[in-house]
Number of protein chains: 2
Amino acid sequence: MTRWKLILEWDGAPFMGWQRQDHGPSVQGTLEAAAHRMTGETVTAQAAGRTDAGVHALAMAVHVDIARQVDAHRLAEGLNALLRPHPVAVLSAEPVPDDWHARFSCLGRRYLYRISNRRAPLTLDKGRAWRIAKPLDEAAMAEAAAHLVGLHDFTTFRSTHCQSDSPLKTLDRLDVERVGEEVHVHAAARSFLHHQVRSMVGCLSMVGLGQWTPADMKAALDARDRAALGFNAPAEGLYFAEALYESPAA
Amino acid sequence: MTRWKLILEWDGAPFMGWQRQDHGPSVQGTLEAAAHRMTGETVTAQAAGRTDAGVHALAMAVHVDIARQVDAHRLAEGLNALLRPHPVAVLSAEPVPDDWHARFSCLGRRYLYRISNRRAPLTLDKGRAWRIAKPLDEAAMAEAAAHLVGLHDFTTFRSTHCQSDSPLKTLDRLDVERVGEEVHVHAAARSFLHHQVRSMVGCLSMVGLGQWTPADMKAALDARDRAALGFNAPAEGLYFAEALYESPAA
């Protein structure tokens, strides 16, 4: 039995999210089915984060246990061949110790949120970004974002379905950056509450549009009340960008 | 009657190309149908370039003549509303003189070709780039590309269906640039022969893989023989990037 760390990329559009579901396709189920077809084994995949329906991954860390002897190159190539035509790809595979865990060993998670700030509907980036037609004030957004960095009670930005024991989280980074006609939000923390990134981006968009001041963001955080929340930004702009571990993994 | 310059963006995947076709959807036909629905007029659209099936546009210049009085903002917004759900968007609209012509007034065209140089299949960029799994030597590709810049007989890189009077063209720019795991080829000229960019990129890929030397590219050009051609790179990596005109247009 070898435990493998896989880095996955996927287009979230056709999936109900990472987690296996009875009512529709999931990335986990798709990967486990490919691993089963390759090895004949019943494989359970664990990921660094459980993304929602429609959320993309640039580099999600996952682990699987496989008894069959296989090298890293053949494992990645074999899984990629069997994952077709689903938009999921194994970017890399490496053996890790048996006690390494994609979720519990993870020391940090990073997300990217892409806003396309233009009037015209999206064509090439349709389903890849959230379009906001009116001009966003990214400096005001950055000022508002700074209020959220650090250790806080993030109850305001937490889904009612969140299973976390505590609403206290340390947000390491929440940067707002204009890249041409896009506005990118980079979020990093050891872990996030359910819907936290999309909730924060939804409120940042209200600041960018002048509907909230940066001080309103601080007031919303301090309220520790879900009712103070603006709304969740849509899933299609969100990318799981990186999972951090002690290095080297093995 | 006002002549309008429109800048269009599109995802080429569902289209037979720019030009109106009897046997499938075209960008021209889609735009003309939207303009007809908006104005009740029979509108003919002219583009700076006639792209092939599957080729994308980041900023294609087009003109249309419309009798109905409408301002630029309402024209762009109205067309965009009627273009849905097709992946074509009007990025901008501006009135131009009656003798301005998207094709004949065009002083320069620029294309981008995206190669994704990685082993893993594409997910988010599927249909948006040409994947080449083996490592490309972009320095050798750049050396080979330099042989093609300037005034040459490009018969080797010309489709047998090309309708140009002459195979003589001046290639102003053919730059090869590595951008992370991608290799981008930037091509600029007053005009191109049919399939010229895809033919050049196909040959550049052979140089990048070590199957041709940069000198082989020179020899292929000098042969002025279609039989000396490697092959055409696939349409899905090609983007019409810019059309240049005397400024201001009006």
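**Exercise 1.** How many residues of chain B are in contact with how many residues of chain A?

*Solution.* In this predicted model, contact is taken as heavy atoms within 4.5 Å, and on that criterion 25 residues of chain B are in contact with 25 residues of chain A. Turning to area, the two chains bury about 1800 Å² between them, with 55% of it on carbon and sulfur atoms. Of the area that chain B buries against chain A, 34% is supplied by B:Pro121, B:Thr123 and B:Leu124, more than any other three residues supply.

**Exercise 2.** Describe the charged and polar pairing across the interface, and then the elements of chain B that take part.

*Solution.* Begin with the salt bridges, of which the rule finds four across the interface of chain B and chain A. B:Glu77 forms a salt bridge with A:Arg119, and the closest N and O atoms of this pair are 2.6 Å apart. Next, eight residue pairs are found in polar contact across the interface. Strand 1, strand 3, helix 2 and strand 4 of chain B each supply at least two residues of the side that touches chain A, and strand 4 gives the most, with four residues. By type, the residues of that side of chain B divide into 13 nonpolar, four polar and eight charged.

**Exercise 3.** Is helix 4 of chain B largely enclosed or open?

*Solution.* Helix 4 covers residues 196-208 of chain B and reaches 18 Å from its first C-alpha to its last, close to the expected 18 Å. Since 13 of its 13 residues are buried, helix 4 of chain B is largely enclosed by the rest of the structure. The helix is followed by B:Gly210, whose phi is positive, near 85°.

Methods
Residues are numbered from 1 along each chain as its sequence is written. Chains are lettered from A and ligands numbered from 1 in the order in which they are written. This is a predicted model: local features need pLDDT of at least 70, side-chain atom pairs count only at pLDDT 80 or more; totals for chains, interfaces and linings use all residues. Side-chain values use heavy atoms; hydrogens and water are left out. The expected span of a helix is 1.5 Å times one less than its number of residues. Buried means under 20% relative accessible area, exposed over 50%, partly exposed in between (1.4 Å probe, protein chains only). Buried area is the accessible area (1.4 Å probe) that two parts lose on being put together, summed over both. A salt bridge is a side-chain nitrogen of Lys or Arg within 4 Å of a carboxyl oxygen of Asp or Glu. A polar contact is a pair of N or O atoms within 3.5 Å; within protein, one must be able to donate a hydrogen and the other to accept it, and residues adjacent in sequence count only if both atoms are side-chain atoms. Ala, Val, Leu, Ile, Met, Phe, Trp, Tyr, Cys and Pro count as nonpolar, Asp, Glu, Lys and Arg as charged, and the others, Gly among them, as polar.
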